[in-house]
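Dear colleague,

I am passing on the structure below, followed by notes on what was found in it. Please read them alongside the sequence.

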Amino acid sequence: MEMKIGVIKGDGIGPEIVDEAMKVLDKTAEVYGHSIAYTQLLMGGASIDVNGVPLTDETLKAAKESDAVLMGSIGGDAKTSPWYQLEPSKRPEAGLLALRKGLNLFANLRPAVLYEDLKGACPLKEEIADSGFDMMIMRELTGGLYFGKRSTEEVNGVLTARDELTYNENEIRRIAKRAFDIAMKRRKKVTSVDKANVLDSSRLWRKVVEEVAADYPEVTLEHMLVDNCAMQLVKDPAQFDVILTENMFGDILSDEASMVTGSIGMLASASLNETKFGLYEPSGGSAPDIAGKGIANPIATILSAAMMLRYSFDLDKEADAIEKAVSEVLSKGCRTIDIMAEGKTQIGTKEMGDRICECIR
Ligand code: NAD
């Protein structure tokens, strides 16, 4: 297969971790007989330095013309970087928001996996961590409370704020389909999370999800109230496969789920639109405190590249090979500084990329 991949290396540790992900992609393409054409794109602080703005129309156009985009993180130290002297609409993060909007990325996917060899980093009780977990949180990204009308006004002399939560059935249907498609590639279970005992938007969510489920007879669907889900994530995370939820619930639950894995350098993510296109990036930031030191953990970006192969290119075997290689390197005791533990071997960013490449087969 020929893949056209846009690459946004980004700021801070971005270029270091993206280089390793490209190395792993190249090795995987070589082993499995694919070819990759990369287009380098500037976004965030790196684009401000060259173009004066965090995202140009040309970059957005080039991103749209790619099959998928692999991205490092963007942004700098808010206290010291000159990028943060600019007005908010010209800062690095504005570029990311404009890119997500311009690409119509409505579905955010964040896996939370507890690796056998990193169980020690899990903050949950040992007997819970021992069962391990491997879940995917699918969060609606462009609707709901964060995009509704809002106002603050005085009503009868009392300051009153209002935020509107709106979903229509089409917005729910398109993300529900995405969640069921992804469950078909996994353990075939969807937990749809809502607050249907209180909210109308949740009752519509439940109704539409059930309609979509009828087209996926192999997938088990369960509904769970969001407050219960927040508890279950720390009580019995092994029960979850795909969690499907709306924007604000997903914002909170995906952070909770990733924190129970215990290590930010391991967290991949993807944002998808209605086509096969996706933007793949680590969940963490640009870590300006360790940029340029060659010590950042590239695994989140490498796992994001594996997600790209799986979800944008349907290359499941190749994605499995990358994920297995990561597990193998961890089981050999190799660790970057953020996941270092007693008795393990500390290695740098490049060496971690090299070790993972050696295990691709
Ligand atoms: P951060 O995630 O960059 O860093 C938090 C801590 O985690 C730091 O100590 C950092 O060294 C460590 N860390 C993060 N990724 C790591 C990795 N791969 N390996 C080892 N250690 C790692 O969060 P922050 O310091 O709050 O933000 C820094 C910048 O990143 C800000 O400009 C912020 O706006 C931006 N940011 C960008 C994105 C994105 O591009 N999607 C996401 C979050 C934050």
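The largest share of the lining of the largest pocket is given by α4, which contributes five residues. Please bear in mind throughout that this is a predicted model.

The largest pocket holds about 710 Å³ of space. It is lined by 27 residues, of which Leu96, Leu97, Arg100, Leu141 and Glu281 are the closest to its centre. Two or more lining residues come from each of α4 (92–102), β4 (107–113), α9 (247–259), β11 (268–272) and β12 (278–282). When the lining of the largest pocket is divided by class, nine of its residues are nonpolar, ten are polar and eight are charged.

The other finding concerns a pair of helices, α10 (residues 299–311) and α11 (residues 316–331), whose axes come within 7 Å and cross at roughly 160°. Because angles over 145 degrees count as roughly antiparallel, α10 is roughly antiparallel to α11. The crossing of these two helices, α10 and α11, is left-handed.

On the α10 side, the contact is made by Ile299, Ile302, Leu303, Ala306, Leu309 and Arg310, while α11 takes part through Asp316, Glu318, Ala319, Asp320, Ile322, Glu323, Val326 and Leu330. Sorted by class, the residues in the contact of α10 with α11 comprise nine nonpolar and five charged ones, with no polar residues.

With best wishes

Notes. Residues numbered from 1 in each chain as written. Predicted model: local features only at pLDDT ≥ 70, side-chain atom pairs only at ≥ 80, totals over all residues. Heavy atoms only, no water. Axes fitted to C-alpha atoms, helices over the stretch in contact; angles between N-to-C directions. Helix = DSSP H or I, 4+ residues; strand = E, 2+ residues; numbered from the N terminus. Parallel < 35°, antiparallel > 145°, perpendicular 65-115°, else oblique. Left-handed = near helix turned anticlockwise from the far one by under 90°. Contact = heavy atoms within 4.5 Å. Nonpolar A, V, L, I, M, F, W, Y, C, P; charged D, E, K, R; others polar. 1 Å grid on protein atoms, 1.4 Å probe; cavity = no way out; pocket = protein on both sides within 12 Å on 5 of 7 lines; lining within 4 Å. Points joined across faces, edges and corners; volume = space filled by probe spheres on them.
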